[in-house]
Each structure stands twice: as structure tokens, then as C-alpha cells.
Amino acid sequence: MGKPTQQREHDAEIVARLGNFALYGSLINWSPSFVLPAGARFVGPSQAGRMASSGVSRVQANSLKEYKSLVQRLSKEDSELTLVELKMFQTLTERFGGKLRYDLNPVHGRFLKPHVQVEGLGKSLESRHVWLGPGVR
Amino acid sequence: METHINNFLKSFFGIFDATLDKCRIHDNIVFGNIRWNDDHESQDFSWKNNVEKSDLIKSTLLCEYLTDNKLMHMDKIMISKSELEKRLVESGWSFSDAQDSIDDLLSLELRMVDDGIETDSFFVHF
């Protein structure tokens with residue numbers, strides 16, 4: 001049980017370094033080759049390690065349309081964000097004029113798993129739950 | 001029963017500021033579509049309905065109560081469970097009805113369907 005967690009943390013660290021680099025690239029209108037092109041297939045957390053080693057972060061969007069698509073993909077139950085991915089997602093959300101509402105300790109409901117929701121970018125996004133990984137509190 | 005399901009869905013999606021557009025029921029499974037009130041986007045959903053008619057009516061009333069009294073923020077009920085029970089009782093509900101209806105509503109999960117695949121869910125929580 002310990003080894004996968006260590007691997008996940010290691011992957012997250014790499015994603016953080018390269019992901020922030022990619023985000024920085026997009027801010028200065030430069031697209032590094034490893035940024036996912038529009039419409040690229042979503043890769044879930046089980047593949048995050050392989051993506052990390054190739055320098056690709058799954059938390060990326062270059063337009064509001066891509067951002068909406070990203071939220072839709074991240075709202076799948078197995079798409080648990082790491083802490084680093086959450087920070088990237090927060091930055092990305094603010095870049096598009098939204099903000100995150102954190103629900104780290106939901107009580108009395110069918111789903112008691114920590115999640116965030118996007119505010120300020122329309123009801124269709126507000127209804128989505130972006131689930132957080134076990135280490136994110 | 002179909003009317004009660006329709007009424008429930010209208011009030012449930014009212015919580016999310018959405019309007020029921022289409023709905024069909026097959027073997028107790030509800031398939032439908034809602035339109036978001038703030039833009040032209042829509043969302044497909046599915047729901048396996050195991051709720052009795054009388055409970056569905058109470059859930060409908062509870063959703064309307066929550067919306068009318070502005071007690072929801074997105075899918076979160078903004079007061080505690082005990083406070084909600086107290087307010088419902090003050091509004092004429094029996095305590096057991098209030099308790100049961102809250103529990104029923106909290107247990108509901110309507111699945112969002114994107115491109116034919118169930119992804120996220122609509123639900124409410126405290």
C-alpha cells in the first residue's frame with residue numbers, strides 16, 4: 001500500500017514542476033511541445049505518472065471552452081486531484097475569472113468525499129464536483 | 001407516478017437553477033435532459049428511482065422549501081440538519097416527516113451523463 005502512495009507523490013512532484021513550467025509558458029504566449037493540444041484525450045490519475053515523466057499535466061486549458069471540458073473530465077469520480085494539481089486548478093480557474101469553493105469536510109450526505117466546485121463561471125460548471133485525492137486536506 | 005417524478009425533478013433541478021427539458025421513464029430508470037437557466041447549455045441525466053410515491057412528494061416539497069427559503073448554495077444546504085428540522089417543524093411538518101424527508105433527499109443521486117457515459121452526480125449535502 002505504501003509504495004503506490006510514494007509513487008503518486010513522486011509523480012505529483014514532477015507534474016508540479018513541469019506543469020507550472022507549462023503554465024508559465026502559456027502565460028507568455030509560448031506553447032511548449034508537451035502541452036496537450038485542444039481536444040487531446042483525457043488521461044486519468046492511473047496514467048498520471050507516465051504523463052508526468054513526459055512532462056504533461058492534465059490540469060491545463062488555453063480557452064474557456066477547454067476549461068469547461070477540463071472541469072467535465074475532472075469531475076469523474078476517479079479523477080482525484082493531488083495537492084499540486086489543485087493549486088494549478090485554482091490558478092487556472094482564477095485566470096478564467098472564476099473561483100473555487102472548497103468543501104473539504106462535507107457532512108450528512110451521500111458523498112462525504114472532499115471536493116471543490118467552480119463558482120462564477122456559470123451553473124453548468126457550478127454543478128460539477130472536482131474530487132480531491134486522499135492527501136489533500 | 002410519472003407526474004410525481006416530473007414534479008420532483010422540476011423542484012430538484014430548481015435547486016441547481018436548471019429547468020427540466022425532457023424526461024422519459026423506462027423500468028424505473030429515468031432518463032432526461034435539463035437546461036441551465038443562465039446559458040444555452042444542457043445536461044443529460046439518469047436516475048434509478050426507488051423512491052415511494054409518498055416519499056417523492058415529500059422530497060419535492062423539501063426541495064421547494066430549500067429553494068424558496070434560499071437555503072442552498074450550489075448543492076450545499078447552508079444550515080445544519082437540526083436547524084433545518086426545526087424550521088420544517090415550525091412550518092407545519094411533523095418531526096418524523098422532516099427527518100425522513102431530509103434523509104431521503106440526502107440519499108438521492110442523479111447521475112450526469114456526458115456523451116452517453118455517467119460521470120458526475122447531482123446530489124445535495126450539508
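Reply: The helices α1(B) and α2(B) pack with their axes 8 Å apart and at an angle of about 25°, where axes are lines fitted to C-alpha atoms, for helices over the stretch in contact, and angles run from 0 to 180 degrees between N-to-C directions. Since angles under 35 degrees count as roughly parallel, over 145 as roughly antiparallel, 65 to 115 as roughly perpendicular and the rest as oblique, α1(B) and α2(B) are therefore roughly parallel to each other. Helices (H or I, at least four residues) and strands (E, at least two) are DSSP runs, numbered from the N terminus.

Before going further, note that this is a predicted model, in which local features need pLDDT of at least 70 and side-chain atom pairs count only at pLDDT 80 or more, while totals for chains, interfaces and linings use all residues. Residues are numbered from 1 along each chain as its sequence is written, and chains are lettered from A and ligands numbered from 1 in the order in which they are written.

On the side of α1(B), the residues that meet α2(B) include B:His4, B:Phe8, B:Phe12 and B:Ile15, and among their partners in α2(B) are B:Leu56, B:Thr60, B:Cys63 and B:Thr67; two residues are in contact if their C-beta atoms, placed from the backbone, lie within 7 Å. By class, the residues of this contact are 8 nonpolar, 7 polar and 2 charged, with Ala, Val, Leu, Ile, Met, Phe, Trp, Tyr, Cys and Pro counted as nonpolar, Asp, Glu, Lys and Arg as charged, and the others, Gly among them, as polar.

The surroundings of the pair can be followed through B:Ile15, which touches B:Cys63, B:Leu66, B:Thr67, B:Met72 and B:Val124, leaving aside residues up to four places away in sequence. B:Ile15 is also one of the residues with the most contacts inside the largest nonpolar core, together with B:Phe12, B:Phe13 and B:Phe45, and this core has 27 residues. Such a core is a set of buried Ala, Val, Leu, Ile, Met, Phe, Trp, Tyr and Cys residues joined through C-beta atoms within 7 Å, a residue being buried if 20 or more other C-beta atoms lie within 10 Å of its own, exposed if 12 or fewer, and partly exposed in between. Elements of chain B that each supply at least two residues of this core include α1 (2–15), β3 (42–48) and α2 (53–68), and α1(B) gives the most, with 6 residues. Apart from it lies another core, of 17 residues, among them A:Val59 and A:Leu81.
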